[in-house]
Amino acid sequence: MLNKNFIDYSIKLLFKDKMEHFFSFFIFTFIIFILSSVLFVSDSIKYDLLSTIGKKDQITLTNTKSGKYYPLMESHVDEIIQLNGVEDVIGKVDGYYNFAQSQRYIHIVGDENLDDETMVISKDIQELFKKFKYVEEFNFLTLNGIITEPISKVINSNILSNNTIFVSFDMARKLLQMSDDEYSYMTVYVPNSDEADFLARKIMDIYPNIKAETNLQREADFRHIFYYKGGIFMILYIVCMLAFFILLKNQVSSMFGDKKREIAVLRSIGFSIKDIIALKFIQNCVVSFSAFIIGISLAYFFVFIFNAPLLKNIFLGEGMEYLIFTPVIDFRMLSILFMFTVIPFLAFILIPSWRVAIEDLSEIMK
């Protein structure tokens with residue numbers, strides 16, 4: 001019967017063979033660490049991207065001509081807002097500034113909450129400016145001359161703010177050589193989400209050059225960003241799963257030889273088949289559960305504290321040294337990971353143990 005003494009005996013027997021179980025523990029922890037690190041990085045990036053999609057702004061408008069993006073005008077705002085079902089139309093200003101000294105394009109984003117004397121930059125932009133001795137201010141070279149802006153604030157670099165400078169709408173227009181009635185794109189607010197698709201098609205009928213995307217379409221586009229890396233991730237998962245099955249094979253092999261004799265001895269001193277299964281279950285629950293928890297904990301620190309060095313480059317490429325990941329944990333995916341690792345691990349232990357326990361004791365002890 002399962003009681004405290006039985007559990008204590010199971011744990012002591014586990015520590016008696018600790019070197020054998022340590023190998024399983026180490027491999028299992030490493031596998032969980034790799035798989036959960038990939039999940040944490042992916043979930044964090046998806047969270048940051050999808051957080052840009054508001055609950056109310058249903059349609060995003062961009063103007064194209066001959067396959068190139070062109071500004072939208074104030075006249076578009078005046079006409080679109082008159083459509084039935086449209087609550088508001090907000091113009092946005094953003095674009096890219098060519099920082100020729102570094103041969104790099106910097107993302108300029110207009111923020112209506114900032115004044116003309118305020119410039120907010122991301123951490124990686126701060127490090128870039130320091131290389132060229134821009135510490136307190138930066139000189140933008142434009143067709144109308146040099147525009148000097150003071151650096152007011154530095155924010156952490158995530159997937160959205162990396163390589164980004166935030167300035168006022170008026171300053172963004174000056175830096176991007178846009179007139180006062182031009183916008184980079186527009187956001188259309190629709191109270192009834194069921195009308196979003198209809199209004200998007202209607203806007204494109206009125207303006208054939210305008211591309212109108214609903215929230216659902218933008219969300220699908222963001223999710224597709226991860227698909228082009230699918231081959232690399234698949235290889236990573238395959239390698240981890242192969243290592244996992246090698247671990248399981250090692251566990252199954254350990255059920256023979258000395259382990260068979262150990263089970264036979266336990267049977268001879270009065271342990272029932274249920275007791276032996278329970279003993280093995282307790283021992284390997286300790287190994288698998290502790291490995292699972294430690295592997296996830298290590299992955300959390302690796303991704304959200306140390307910002308996933310090396311692994312970050314697989315997802316995002318080079319130039320992301322100062323990017324940080326927003327802590328996001330998808331417990332549904334962790335539950336699936338648990339089901340496909342811990343449960344098979346226990347099954348590969350208990351089934352061979354049961355088969356050995358029901359064998360003829362005299363044959364095993366020979």
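**Patch, rings and burial in a predicted model**

Ile336, Met339, Phe340 and Ile343 make a nonpolar surface patch of about 400 Å². The model is predicted.

Me: What makes Met339 partly exposed?
Reply: Its relative accessible area is 48%. Partly exposed covers values between the buried limit, under 20%, and the exposed limit, over 50%. Therefore Met339 is called partly exposed. Met339 lies in helix H12, residues 331–357.

Me: Why is Asp43 called buried?
Reply: Buried means under 20% relative accessible area. Asp43 has 13%, so the label applies. Asp43 is found in helix H2, residues 18–50.

Me: Which residues does Asp43 touch, leaving out those up to four places away in sequence?
Reply: Asp43 touches Val328 and Asp330. A contact here means heavy atoms within 4.5 Å.

Me: How many aromatic pairs does the ring rule give?
Reply: The count comes to 18.

Me: Why is the pair of Phe33 and Phe302 called edge-to-face?
Reply: The ring centres are 5.3 Å apart. Pairing needs centres within 6.5 Å, so the two rings pair. The planes stand at 65°.

Me: What does the pair of Phe33 and Phe302 tie together?
Reply: Phe33 lies in helix H2 and Phe302 in helix H10, residues 273–305. The pair therefore ties together parts that are 269 residues apart in sequence.

Me: Is Phe33 buried or exposed?
Reply: Buried. Its relative accessible area is 18%. The limit is under 20%, so Phe33 qualifies.

Me: What makes Tyr300 and Phe304 an edge-to-face pair?
Reply: The centre-to-centre distance is 4.9 Å, and the planes are 65° apart. The cut-offs are within 6.5 Å and over 60 degrees, so both conditions hold. Tyr300 and Phe304 are four residues apart in helix H10, about one helical turn.

Me: Why do Tyr300 and Phe304 get the labels they do for accessibility?
Reply: Tyr300 has 28%, which falls between the 20% and 50% limits, so Tyr300 is partly exposed. Phe304 has 9%, under 20%, so Phe304 is buried.

Me: How do you know that Arg173 lies over the face of Tyr183?
Reply: Arg173 is 4.9 Å from the ring centre.

Technical notes: Residues numbered from 1 in each chain as written. Predicted model: local features only at pLDDT ≥ 70, side-chain atom pairs only at ≥ 80, totals over all residues. Heavy atoms only, no water. Patch = residues over 30% accessible without salt bridge, like charges linked within 9 Å, V, L, I, M, F, W, Y side chains within 5 Å. Areas by Shrake-Rupley, 256 points an atom, 1.4 Å probe, with all protein chains shown as cover. Salt bridge = Lys/Arg side-chain N within 4 Å of Asp/Glu carboxyl O. Helix = DSSP H or I, 4+ residues; strand = E, 2+ residues; numbered from the N terminus. Buried < 20%, exposed > 50% of the residue type's maximum accessible area, 1.4 Å probe, protein only. Phe/Tyr/Trp six-rings, centres within 6.5 Å; stacked < 30°, edge-to-face > 60°. Lys NZ or Arg CZ within 6 Å of the ring centre and 35° of its normal.
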